[in-house]
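Dear colleague,

I am handing over the structure below, and after it you will find what I noticed when I went through it. Please keep it open while you read.

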Amino acid sequence: MKNKLRIILESVIVGVLVFVLTVTNIFSSLDYIARDAMYQRARGIDSDIKIIGIDEKTLEELGPIQTWSRSYYAQLLDKLNEDEESKPLLVGFDIIFAGEAGEDDAVFARSAEDSGNVVVVSHLMYGKRAEKNAKGLWAYPVTNMEVPYPLLAKATKYGYSNVAQDDDGIVRKVVPSEEYNGETQYMFAKVMYDRYCELTDTQPRDIPLDKFGRSNINYSGVSGDYEFISMIDVLKGEIDPRTFSDSIILVGAYAPGMQDDFTVPLGRGQEMYGVEIHANILQAYMQGRFSVNGNPYILGLITAVIAMLLHFLFRKLKVWQSVIVLLASIGIYVAVCVALNNNGHSFNLIYFPLITVLSFGYALAINYVEEQAKRKKVLNAFRKYVAPQIVEEIAKKGDFNIKLGGENRDIAVLFVDIRGFTTMSEALEPEQVVSILNEYLALTTASIFNNSGTLDKFVGDATMAVFNSPFDLPDYEYKAVCAAMDIVAGGEAIEEKFMKEYGRSVGFGVGVNVGPAVVGNVGCDFRMDFTAIGDTVNTAARLEANAKKGQVLISDVLYERLKDRIEVKDVGEIPLKGKSKGVFVYEVTKVLGREEKSE
């Protein structure tokens with residue numbers, strides 16, 4: 001009961017840990033790593049989205065981008081739109097055209113207006129201190145905005161190009177809209193998507209947003225996945241116009257020196273150009289690949305209950321079963337979280353698996369400690385009635401169980417009793433009786449253990465021992481007889497001592513039998529006695545009852561097994577109480593081969 005209560009308490013602690021960590025997300029940096037690994041993977045890019053990059057090749061031909069005439073962009077649009085049947089569906093410039101630069105501004109604005117499918121970017125500037133917004137949430141307010149020069153702004157649609165970076169600098173989220181000067185401004189990819197829906201007569205889909213107005217991007221491709229074409233190749237007419245037919249074109253920086261690259265979660269720490277990030281966000285809009293963080297309290301409660309149940313199982317199951325349960329539970333949890341993320345609800349990944357693994361490790365360790373303590377307890381119990389060498393063998397093998405019931409074994413059974421003990425105990429003081437009894441019991445125990453026997457029990461002044469139980473014992477019949485002879489010999493040695501001290505003579509009668517018996521623990525769950533029962537045992541007891549002082553009586557069955565190794569005197573057939581037929585009995589006078597065996 002106490003152990004069960006402790007396991008329940010451990011399970012509750014496990015559940016509380018899972019709940020608190022899930023709600024607080026205290027190890028958010030580690031959770032980001034897990035989320036990036038499981039939620040962000042290359043899902044396959046949309047081949048209709050293409051990138052015309054301002055790469056090093058283009059910069060070598062046209063010079064630094066800051067020196068460019070805006071007529072280059074007009075020429076690019078004209079090239080893209082020169083064939084009405086193969087013109088792109090939509091063109092987005094991830095380039096800030098702020099401020100007027102000269103007469104070419106009008107040329108570019110006119111080309112954009114004629115194209116009718118151009119979106120450009122603006123850029124938001126935020127305050128340095130967080131303030132409470134209209135929803136009562138702390139956020140950094142937009143303090144200024146760079147917009148395209150007036151002619152271009154009138155000829156196109158525009159949206160801000162800012163991307164949201166987490167504390168570790170990785171772009172995982174988008175903020176689709178911001179408030180500035182009382183007006184709602186939308187991000188570049190959102191404006192592109194809305195324009196795409198207008199041109200294709202598609203119903204725009206809403207994306208999930210958290211209370212801060214953010215959504216998690218589920219990227220579709222890594223850097224370099226989207227089809228890339230150098231801008232200079234398009235301007236020179238080296239690209240077949242049909243390449244851009246009904247495509248969505250994004251024009252932007254595609255060279256390291258242009259400082260428009262960001263760290264993204266896909267590929268863990270991989271750098272990606274801003275124009276590629278916008279391509280991923282646009283595709284996420286088109287395919288509904290956004291998610292928001294789910295309610296951590298709900299997740300915490302559910303996973304806490306499951307973790308508690310798992311810990312309870314870990315404390316009860318075998319190791320291999322626990323390993324299967326552990327791996328299955330973590331696998332199912334991760335699979336469910338990935339599926340939920342793909343359907344718009346993102347949850348943290350590490351806390352349930354982390355605590356579950358720790359729970360498993362703790363259960364493994366404590367179960368081992370408890371098992372060792374149990375083994376030690378059992379071994380200590382065995383030491384009281386089993387020969388030391390057998391105990392050592394048990395300790396090495398570890399293959400023992402304490403349970404009710406028994407097994408059929410062929411064993412040798414030895415009974416020994418003090419002759420005249422009752423009369424002697426009446427004549428002596430209690431302390432003297434106990435002293436004699438203790439010395440006698442020490443002698444019988446030592447003789448039994450020295451011959452690898454198992455001390456079954458003491459019954460008053462009688463001792464019962466078995467050989468070949470609870471474990472197999474080679475040559476157990478012979479060892480049982482040797483133990484009996486050692487007891488008789490030892491009795492002769494201490495008889496003189498007792499005569500001097502107490503004026504009493506002490507001798508032993510021994511009976512030994514061999515045959516089948518039921519061996520095991522007999523009793524109930526809270527009190528068991530390891531013993532042997534059956535006719536073999538009863539016959540041995542009857543032999544001992546008929547043995548005179550200094551006699552070792554054995555049955556004819558035992559004699560047949562050992563007749564070449566012992567010397568005996570025929571006692572003859574004697575009736576035994578409880579048996580219908582008498583038993584032919586022998587008195588052992590000498591055991592042969594002990595000296596050679598000991599050598």
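The crossing of helix 10 and helix 11 is right-handed, a crossing being right-handed if the near helix is turned clockwise from the far one by less than a right angle, and left-handed if anticlockwise. Helix 10 covers residues 296-316 and helix 11 covers residues 319-342, and their axes come within 10 Å and cross at roughly 170 degrees, where axes are lines fitted to C-alpha atoms, for helices over the stretch in contact, and angles run from 0 to 180 degrees between N-to-C directions. The two helices are therefore roughly antiparallel, a label used for angles over 145 degrees. Helices (H or I, at least four residues) and strands (E, at least two) are DSSP runs, numbered from the N terminus.

The contact (heavy atoms within 4.5 Å) involves, among others, Leu299 and Phe314 of helix 10 and Val325 and Tyr333 of helix 11.

This is a predicted model, in which local features need pLDDT of at least 70 and side-chain atom pairs count only at pLDDT 80 or more, while totals for chains, interfaces and linings use all residues. Residues are numbered from 1 along each chain as its sequence is written, and side-chain values use heavy atoms, leaving out hydrogens and water.

Turning to the sheet, 5 strands form an open sheet of mixed pairing in the order 8-9-12-17-18, two strands being paired if DSSP finds at least two bridges between them. Strand 17 (residues 290-293) runs parallel to strand 18 and is joined to it by 2 bridges, and Val292 stands opposite His345 in strand 18.

Best wishes

How values were computed. Angles under 35 degrees count as roughly parallel, over 145 as roughly antiparallel, 65 to 115 as roughly perpendicular and the rest as oblique.
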